[in-house]
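Welcome, and thanks for opening the viewer. Let us walk through this model together, one selection at a time.

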Amino acid sequence: MTNLKVPYVFLIPCLVIIFLAGIGPVLQSFLLSLSEFSLANPSRAPVGFHNYIALLSDSIFWKSIQVTLLLVFGSVFLEFVVGIFLALLITSSGQRARSIFSSIFVIPIAIAPIVTGILWSPNSVFDDLNTLLYYGLSLGTYIDTTRPVIYYSLIMISDAYIWAPLLMLVTVAIIRSIPREQYEAAEVMGASSWTKFNKITFPAIIASPAIIVTLLLRMADAFRMFEVPYAWNFWLGQDSELGASVDTVSVLMWKMFSSTMYDFPIAQITAISIVLLIITLSLCALVLRRSSSLLD
Amino acid sequence: MTFVSLKNISKRFKNAESDAVSNIDLKIENKEFLVILGPSGSGKSSLLRLIAGLEESTSGEIYFGNELMNDVSPRERDVSMVFQNFALFPNMTVFENIAFPIRASGKDTTNLDDEVKRIASLLKIEDLLERKPGALSGGEQQRVSLGRAIIKKPKIFLMDEPLSNLDASLRAELRTEIKKLHEKLGITFIYVTHDQTEAMTMADRIALIKDGKLLQVDKPEEIYNSPNHSWIGSFLGSPPMNLFHSVNSGDSLVIASQKINFKSSVKSNKVVVGIRPENLHITSEKGRLTGSVLSTEYLGDSKIINVKLDDYIIKVKVPHDSIIPNDHDINLDFSDNDVKLFDIDGKHLG
């Protein structure tokens with residue numbers, strides 16, 4: 001064996017592990033998705049792309065895609081807006097207040113997503129609030145958490161509650177990098193605080209590769225959203241219903257697997273997971289492209 | 001007419017141990033070109049920022065005309081400011097940058113297009129109006145920032161080291177243009193720099209500041225020829241003034257252990273003697289000072305000779321065709337008028 005080949009030999013164990021742990025299962029699921037297979041009927045019969053074609057005409061699948069898209073864009077947009085607000089609060093406050101604010105604001109990042117699904121649930125928040133509104137203040141009205149606009153908003157708020165601090169941290173870093181003289185020039189030229197935000201701060205934020213990468217990463221992650229919509233299945237009493245109004249793609253896959261109504265349709269579930277994988281991978285590819293321009 | 005007056009202005013920054021600007025009294029005339037000159041960290045930028053209203057003074061009063069400005073915000077002070085790093089808005093085109101002060105302050109925009117174009121042609125940037133600042137050279141960016149300051153038609157034009165980020169040839173070019181601009185606009189210019197060439201060439205008057213204190217305010221030639229402090233002598237001029245610790249008897253001085261005849265009315269015994277390098281001449285006869293040549297620097301239009309006199313190494317500036325004695329001994333002469341006397345602390349005497 002020549003010396004040139006020796007390094008490759010040492011790489012073999014590592015490559016084997018990567019294949020077994022990373023590429024193997026993906027390939028395995030892909031092969032599974034091309035067959036007719038369920039735990040109830042474990043004989044594997046190849047059916048080609050039949051499972052994928054069936055998905056195209058499956059209204060439950062399309063509904064879950066719509067729900068997921070709504071929640072992804074809603075949550076990430078909300079995180080972005082709230083993140084900017086928090087960042088402005090931090091950058092414009094004094095040194096003491098700044099350190100107190102930033103440590104308080106960052107706490108939600110450490111909270112498990114399922115907990116926020118419970119924190120913002122109808123029973124924990126809205127029982128008391130609605131009692132206050134309806135009886136205490138005699139307003140004769142209450143917040144109806146079974147209305148779609150309310151529960152979709154609450155899911156978005158729960159997600160933003162966790163992730164807005166991340167957007168805040170990135171935004172603070174961007175704002176700190178804007179030369180102070182730009183604000184001073186604007187100040188001397190007669191600009192109001194709003195003009196300064198609108199013409200200096202905001203353009204700098206959205207032009208920053210860092211914020212674009214963060215938003216794309218958040219979107220890729222939000223496409224796999226599970227915990228909070230899962231909790232809401234229970235709050236809305238839809239936990240045994242396939243294609244419920246809060247079923248994201250991930251929740252749908254879980255329900256298909258766990259529901260006793262079906263015979264564990266593994267092949268169909270893997271087909272959905274491959275579709276989800278393609279969506280998140282393409283977003284990740286965008287992130288990589290963007291972040292390479294960030295590193296240059 | 002006095003236009004800007006500073007009365008006993010001091011500024012101490014939070015957690016600082018001493019004043020950035022200390023008890024400054026300064027009157028600036030209407031339409032004057034005043035240059036605030038000092039080394040870095042001397043407080044000259046702080047002083048300008050106090051005039052702009054970007055910093056609040058710790059004590060003292062600032063007047064524009066008869067109006068007390070201490071509590072007036074920068075927006076209402078009717079000033080324009082140009083910064084060292086240009087401070088252009090990167091997401092706006094050159095046109096939008098120049099138009100910014102009018103749009104931001106909600107003024108009448110009916111003639112804005114013509115006005116921006118007129119100013120752009122004045123500054124020779126009319127071809128760049130659609131570009132973004134990032135696509136411009138440093139010199140072009142500073143022209144845009146000048147345009148942005150002009151369009152506001154301010155009463156006072158403030159400039160904080162506007163040429164320091166540019167290369168030497170551009171600096172010289174823009175120096176001339178800023179001077180012309182001052183004549184054309186006919187308003188008060190206050191210009192901060194650490195560069196003595198800029199101060200000398202542009203200023204009507206120079207205000208020299210060191211460690212937050214105002215040392216001298218005078219016309220360039222006065223400040224160069226009659227510095228009221230030995231530090232000014234060594235700060236201004238290239239090479240700087242030669243300074244000697246000396247003993248004065250009223251009709252003689254001892255410079256570097258050599259006794260020379262010098263009549264003066266100064267009473268102090270211990271003095272600091274200052275002589276500018278260009279005021280020392282080589283003489284073939286016995287001069288007033290004798291030293292030995294250490295080295296010579298050729299500058300094209302002149303030569304600088306480093307001469308060792310006792311413990312001092314002094315600089316002598318001579319015409320480029322001067323013949324420097326080969327035997328390393330050199331006789332130097334000077335006239336009494338060119339000798340400046342300072343006390344031990346640096347203050348000018350008589």
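Predicted model: local features only at pLDDT ≥ 70, side-chain atom pairs only at ≥ 80, totals over all residues.

**Stop 1: chain A as a whole**

Along its principal axes, the C-alpha atoms fill a box of roughly 75 × 75 × 30 Å. Colour by secondary structure to find 13 helices and 2 strands in chain A. Of the 296 residues in chain A, 30% are buried. Now think about contacts between residues with a separation of 6 or more: in chain A, 71% of these join residues 24 or more positions apart.

**Stop 2**

Next, select residues 148-176 of chain A, which form helix 7, together with residues 227-235, which form helix 11. Two packed helices are described by the angle between their axes and the distance between the axes. Here the axes come within 10 Å and cross at roughly 145 degrees. The crossing of helix 7 and helix 11 of chain A is right-handed.

Show the side chains to see who makes the contact. Helix 7 of chain A brings A:Tyr151, A:Ile155, A:Ser158 and A:Asp159. From helix 11 of chain A come A:Val228, A:Pro229 and A:Trp232.

**Stop 2: where chain A touches chain B**

Bring chain B into view. The contact between the chains takes 16 residues from chain A and 17 residues from chain B. On the chain A side, select helix 8 (180-188) and helix 9 (193-206), each of which supplies at least two residues. Which helix of chain A gives the most to this side? Helix 8 does, with 7 residues. The side of chain A that touches chain B divides into 9 nonpolar, 3 polar and 4 charged residues.

**Stop 3: the two domains of chain B**

Finally, colour chain B by domain: domain 1 covers 2-231 and domain 2 covers 234-342. The centres of these domains, taken over C-alpha atoms, are 38 Å apart. Look where they meet: 6 residues of domain 1 of chain B are in contact with 9 residues of domain 2 of chain B. On the domain 1 side, helix 7 (220-225) and helix 8 (230-235) of chain B each supply at least two residues. That side of domain 1 has 4 nonpolar residues, 2 polar ones and no charged ones.

Notes:
Residues numbered from 1 in each chain as written. Chains lettered and ligands numbered in written order. Domains from an automatic or database assignment. Contact = placed C-beta atoms within 7 Å. Helix = DSSP H or I, 4+ residues; strand = E, 2+ residues; numbered from the N terminus. Nonpolar A, V, L, I, M, F, W, Y, C, P; charged D, E, K, R; others polar. Buried ≥ 20, exposed ≤ 12 C-beta atoms within 10 Å, placed from the backbone. Axes fitted to C-alpha atoms, helices over the stretch in contact; angles between N-to-C directions. Left-handed = near helix turned anticlockwise from the far one by under 90°.
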